[in-house]
Amino acid sequence: MADYTADEVLDARGLTCPMPILKTKKLLKNMKAGQILEIQGTDPGTRNDLPAFTSRSGDEYLGEEARDGYISFFVKKG
């Protein structure tokens, strides 16, 4: 997994779907194309929901990285 430098970080730890996706959608609206959003989450459903969301939204799902007690997901604003 490549290292990404996030322009914004969303702490969605402890939230269950669809909340991480809804918060991601809201934050991406205020970002510029090409910027990277890191979503920190604990809900395993986000692994499936986030790539599905970005395929519809025109944003790019870059991947995920396991952290100590949570997962960091990376999305590039389209």
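Guide: The side chain of Gln40 makes a polar contact with the side chain of Glu38, at 3.3 Å. A polar contact here is a pair of N or O atoms within 3.5 Å; within protein, one atom must be able to donate a hydrogen and the other to accept it, and residues adjacent in sequence count only if both atoms are side-chain atoms. The model is predicted, and local features need pLDDT of at least 70, side-chain atom pairs count only at pLDDT 80 or more, and totals for chains, interfaces and linings use all residues. Residues are numbered from 1 along each chain as its sequence is written, and side-chain values use heavy atoms, with hydrogens and water left out.

Gln40 belongs to strand S2; strands (E, at least two residues) and helices (H or I, at least four) are DSSP runs numbered from the N terminus. With a relative accessible area of 11%, Gln40 is buried, where buried means under 20%, exposed over 50% and partly exposed in between, for a 1.4 Å probe and protein chains only. Beyond its neighbours within four places in sequence, Gln40 is in contact with Val9, Leu10, Asp11, Ala12, Arg13, Tyr70, Ile71 and Ser72; contact means heavy atoms within 4.5 Å.

The pairing of the strands gives the setting. S1 (residues 8-12) and S2 (residues 36-41) are parallel and share five bridges, with Glu8 opposite Leu37; two strands pair if DSSP finds at least two bridges between them. S2 and S4 run antiparallel and are joined by six bridges, and Ile39 has Phe73 as its bridge partner in S4. S4 also pairs with S3 in the antiparallel sense, over six bridges, among whose residues Gly63 has Phe74 as its bridge partner.

Together, four strands form an open sheet of mixed pairing in the order S1-S2-S4-S3. S1 and S3 (60-66) stand at the edges with a single partner strand each, so one side of each is left without a neighbour in the sheet. From one strand to the next the twist averages 20°.

The helices complete the picture. S1, helix H1 (residues 19-29) and S2 make a right-handed β-α-β unit; right-handed means that, with the strands pointing away from the viewer, the path from the first strand over the helix to the second runs clockwise. H1 lies across S1, S2 and S4 and runs at about 160° to S1. H2 also packs on the sheet, where H2 touches S2, S3 and S4 and makes about 5° with the direction of S4. For these angles, axes are lines fitted to C-alpha atoms, for helices over the stretch in contact, and values run from 0 to 180 degrees between N-to-C directions.

The largest nonpolar core has twelve residues, including Leu10, Leu37, Ile39, Ile71 and Phe73; such a core is a set of buried Ala, Val, Leu, Ile, Met, Phe, Trp, Tyr and Cys residues joined through side-chain atoms within 4.5 Å. Two or more residues of this core come from each of S1, H1, S2, H2 (46-57) and S4 (71-76), and S4 gives the largest share, three residues. Ile21, another member of the core, touches Asp49, Leu50 and Phe53, not counting residues up to four places away in sequence.
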